[in-house]
Amino acid sequence: MVQRVTGRTKLVGLLGWPTEHSVSPAMQNAAIDAMGLDWCYVPLPVPPEGISQAVSALRALGLVGANVTVPHKQAVLPLVDELSEEARVVGAVNTIILRDGRLFGHNTDVAGFLRALREAGMAASGRAVVLGAGGAARAVVCALRQTASEILILNRTVERAKSLVDEMGEGQVCRVLGATLEAGSLQSALDAACLLVNATSVGMWPYVDSSPWPKDVAYPSEVPLFDLVYNPQETALMRMAREAGARAESGLGMLVHQGAESLRLWSGREPEVCVMRTACLEALEGDG
Ligand code: ATR
């Protein structure tokens, strides 16, 4: 944790509501300490009606930058001076960087997902299947477009999958298709798939026994699973995949890498990813 705050200490904030259960302060402060920076990463809980003033305050107070989490990721889009391509395409800002008094909004979930995928030794060059069409799925689809030849988005509410396809598929070399998340469509989507990503919120603590997987579909042993859920570190779906002989990775790597990418942008330096991972695991154990 942060050893001391001096008159020169600079602040990085976390805009969210609530912020109590976030592991980002533990993860970022561990990395900040390891880098020897006189910085402190602090939670800035802000209710939805206060977000516009809070973003202006980042500038007034001269913060280094901030992370943005639920429920403000979309609300921040029109409040910054400039947006990165990723933030614009995903439609959400998770990182704000202050440069010469200007606010730059970015989304590090895209790079975080790709790094975590690579680190897990999983590639998505052919067909990738994504379960879910919410905020997390948007970042995943935006990332997969860079490497996959085809993305199939399956969602409980098919209209949401279709509208994501309309937005993400346009003008792409990569084919993007949408369908309902049910046994028949999943079974045919899995045919020749090289990766499955769970981007639904199903299986997250405290509902650890739930799974988005339809009954009567066997998990295919040749399709690696990347589950965005990181708490618990083994979801019911991951367990099912592993029992079938498939490789399965949790969302911890993505959590760590999106955080590392934010810190890289704020500091211009290379963070110690293993320090961040250890701090994250400790914070999750302390919370769970
Ligand atoms: P996030 O930002 O974490 O993606 P979200 O935007 O609320 O959160 O999206 C949650 C995703 O999980 C959605 O794809 C949602 O499906 P719907 O669009 O049909 O709501 C999916 N999801 C949530 N609960 C689910 C459940 N019980 N079964 C299947 N999918 C579920």
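Buried area is the accessible area that two parts lose on being put together, summed over both. In this predicted model, the two parts to which that quantity applies are domain 1 and domain 2, which bury about 850 Å² between them. Carbon and sulfur atoms account for 71% of that area.

The domain assignment places residues 10-107 together with 253-287 in domain 1, and residues 123-246 in domain 2. The C-alpha centres of these domains lie 27 Å apart. Domain 1 gives six residues to the contact, and domain 2 gives 10 residues. As for polar links across the interface of domain 1 and domain 2, one residue pair is found in polar contact, with both residues at pLDDT 80 or more. The number of salt bridges between domain 1 and domain 2 is zero. On the side of domain 1 that touches domain 2, the elements giving two or more residues are helix H3 (85-90), helix H9 (252-267) and helix H10 (273-287).

Helix H9 also holds serine 262. This serine 262 has a relative accessible area of 0% and is therefore buried. Apart from neighbours within four places in sequence, serine 262 is in contact with Gln28, Asn67, Thr95 and Thr108. With threonine 108, serine 262 makes a side-chain polar contact of 3.4 Å.

The salt bridges come next. The structure as a whole holds 13 of them. One is formed by the side chains of lysine 73 and aspartate 109, with an N to O distance of 3.4 Å. Lysine 73 is in the loop between strand E3 (65-68) and strand E4 (82-83), whereas aspartate 109 is in helix H4 (residues 109-119), so the pair ties together parts that are 36 residues apart in sequence. The two partners fall into separate accessibility classes: lysine 73 is partly exposed at 22% relative accessible area, while aspartate 109, at 12%, counts as buried. The cut-off that matters here is 20%, because buried means under 20% relative accessible area.

Another salt bridge links glutamate 82 and arginine 102, whose closest N and O atoms are 3.8 Å apart. Glutamate 82 belongs to strand E4 and arginine 102 to strand E6 (residues 102-106), so this pair ties together parts that are 20 residues apart in sequence. Glutamate 82 is partly exposed, at 41% relative accessibility. Arginine 102 is partly exposed as well, at 43%.

A further salt bridge joins glutamate 234 and arginine 242, with 2.7 Å from N to O. The side chains of arginine 242 and glutamate 234 are also listed as a polar contact of 2.7 Å. Glutamate 234 has a relative accessible area of 30%, which means that it is partly exposed. Arginine 242 is likewise partly exposed, with a value of 38%. Elsewhere, salt bridges that share partners connect Arg115, Glu261, Arg264 and Glu270 into one network.

When residues up to four places away in sequence are not counted, arginine 242 touches Glu234 and Ala248. Leucine 225 is 17 residues from arginine 242 along the chain, and the C-alpha atoms of the two are separated by 9.0 Å.

What remains is the question of covalent links between cysteines. How many disulfides does a search of the whole structure find? The search finds zero. Cysteine 174 is in no disulfide, and the nearest cysteine sulfur, that of cysteine 194, is 11 Å away.

Definitions and conventions: Residues numbered from 1 in each chain as written. Predicted model: local features only at pLDDT ≥ 70, side-chain atom pairs only at ≥ 80, totals over all residues. Heavy atoms only, no water. Contact = heavy atoms within 4.5 Å. Polar contact = N/O pair within 3.5 Å; in protein donor to acceptor, adjacent residues only side chain to side chain. Disulfide = S-S within 2.5 Å. Salt bridge = Lys/Arg side-chain N within 4 Å of Asp/Glu carboxyl O. Helix = DSSP H or I, 4+ residues; strand = E, 2+ residues; numbered from the N terminus. Buried < 20%, exposed > 50% of the residue type's maximum accessible area, 1.4 Å probe, protein only. Domains from an automatic or database assignment. Buried area = accessible area lost by both parts, 1.4 Å probe.
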